[in-house]
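Subject: Handing over a structure, with notes

Dear colleague,

I am passing this structure on to you, and my notes on what was found in it follow below. Please look through the sequence and the model before you read on.

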Amino acid sequence: MNNKKQYTTSIYIGTVNGKPIRKFVRANSQRELNKKVNALKSEVAAGKDVYTTALFGQWADKWLNEKKKPSDISSSTLKEYQNEIKQLNLRYKNVELKKIKLSDFQVYINELAENSPLSNKPLARTTLQKIVNTASAVCKYARANDIPAPDFFEQVIIPRSAPKDKRRALTEQEQQMIIDTPHRCQPAAMILLFSGLRRGELVPLKWSDIDLQNGIISVTKSVDLNVNPPKIKQGGKTANAVRQVPIPPILVDYLIEYKQQAKILTPYVCYNAGGRLLSGAAFRQMWDSYLIDLNVKYGYANQNVSKYDPKGLPMRIERFTPHYLRHTYATILYLQGVDMVTAKQYLGHSDIQTTINIYTDLENNSKISLSDSYKKKLKKEYKIKTA
């Protein structure tokens with residue numbers, strides 16, 4: 001029990017709709033309380049009254065600092081929010097929330113789909129949707145504080161002309177390359193391909209999290225690979241990320257053989273040279289080495305190539321990231337007829353709209369053409385058992 005005394009007071013900071021607004025200030029000492037009160041009064045005197053004027057930029061900062069940062073989001077997620085707010089602040093930083101209208105907001109999204117002033121290129125559909133979602137969240141937070149703010153964001157349309165993200169599913173040939181190419185990164189690639197885990201979920205994965213008898217991976221923890229050293233956090237990226245993922249026979253068989261052959265001196269399934277948790281840099285180095293081997297084996301098989309820099313030379317095999325493998329797992333679910341609600345659960349999406357977007361893109365992709373051998377694999381080796 002925390003018996004430490006709390007010092008509190010309230011400061012009048014303005015009015016909203018004719019009603020006086022007071023902000024409560026808390027501190028652990030009278031000295032700290034006085035300091036916070038003086039700082040708040042100075043901000044109000046300098047025109048930073050976030051309640052009376054209610055500018056978008058001010059409330060975006062409040063939402064980020066008061067609601068999102070305390071929720072222990074990862075540094076990569078925080079950076080995403082900051083980038084989305086930067087895009088929104090280009091147009092709305094000094095605009096009162098109540099003056100933001102649907103028509104103007106839709107026009108701005110249309111403009112970003114053509115070109116973003118920050119990047120000088122069109123923003124992808126997924127990025128645009130995240131910008132809309134962030135604007136909606138900021139306004140929702142303001143409304144919860146009795147600030148008039150718009151609530152039209154579900155009506156905003158992402159232009160069809162907006163480019164799609166580059167992430168894609170691996171081809172049949174690329175999937176087979178992963179299955180056929182031994183490498184210290186192969187266990188990671190196989191798990192990503194046939195379970196859809198995120199990198200941050202894969203790195204802290206232990207053998208105790210895998211039920212090989214029933215073909216289930218339990219996702220109960222994650223790491224932020226953008227900080228060094230990475231720290232294991234109980235729980236997933238979001239509440240929905242904690243889940244049980246069924247894996248197909250091909251992965252079960254691979255992991256059984258891998259576990260038998262490997263000299264397991266660590267509880268981690270994937271690990272660094274010392275048997276410890278992989279850092280973000282170590283994972284990237286391992287992944288680049290893997291792509292080199294794939295290119296030497298498949299792209300340069302008949303040439304004398306001993307070294308290859310995937311960032312310095314054009315790749316014969318198109319460079320793909322770990323997230324491509326997660327997208328491939330989602331595609332396997334789709335091809336097997338797994339419904340979107342179940343797919344959302346297996347993938348750990350926080351919003352079913354993300355799953356809907358993937359499935360919709362697959363439904364609209366007329367280029368999906370499967371070989372007879374791959375169709376057979378989907379029914380047997382790659383089969384995902386649903387509850």
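Phenylalanine 283 and tryptophan 287 are four residues apart in helix α10, which spans residues 280–299, so about one helical turn separates them. Helices here are DSSP runs of H or I with at least four residues, and strands are runs of E with at least two, numbered from the N terminus. The two rings form an aromatic pair that is stacked, with 6.3 Å from centre to centre and 10 degrees between the planes. Rings of Phe, Tyr and Trp (for Trp the six-membered ring) pair if their centres lie within 6.5 Å, and planes under 30 degrees apart count as stacked, those over 60 as edge-to-face and the rest as tilted. Both phenylalanine 283 and tryptophan 287 are buried, where buried means under 20% relative accessible area, exposed means over 50% and partly exposed lies in between, with a 1.4 Å probe and protein chains only.

Before going further, please keep in mind that this is a predicted model, in which local features need pLDDT of at least 70 and side-chain atom pairs count only at pLDDT 80 or more, whereas totals for chains, interfaces and linings use all residues. Residues are numbered from 1 along each chain as its sequence is written, and side-chain values use heavy atoms, with hydrogens and water left out.

As for the chain as a whole, it has 14 helices and seven strands, and 45% of its 387 residues count as buried. Taking contact to mean heavy atoms within 4.5 Å, residues 24 or more positions apart account for 63% of the contacts that have a separation of 6 or more.

Leucine 255 touches Ile191, Trp207, Ile210, Leu212 and Ile247, leaving aside residues up to four places away in sequence.

Just after α7, glycine 196 takes a positive phi of about 75 degrees.

Returning to the rings, the count comes to 16 aromatic pairs. One of them joins phenylalanine 105 and phenylalanine 153 edge-to-face, at 5.2 Å centre to centre and with 85 degrees between the planes. Phenylalanine 105 lies in helix α4 and phenylalanine 153 in the loop between α5 (125–144) and α6 (172–180), so the pair ties together parts that are 48 residues apart in sequence. Phenylalanine 105 counts as buried at 2% relative accessibility, and phenylalanine 153 counts as buried at 7%. Both belong to one aromatic cluster, which is formed by Phe56, Tyr92, Phe105, Tyr108, Phe152 and Phe153.

Finally, some backbone details deserve a look. Most residues other than glycine have a negative phi, and most peptide bonds are trans. Asparagine 120, in the loop between α4 and α5, has a positive phi near 60 degrees and is exposed, with a relative accessible area of 60%. Aspartate 146, in the loop between α5 and α6, has a positive phi of about 65 degrees and is exposed at 58%. A cis peptide bond, with omega about 0 degrees, joins asparagine 228 and proline 229, and proline 229 lies in the loop between β5 and β6 (232–234).
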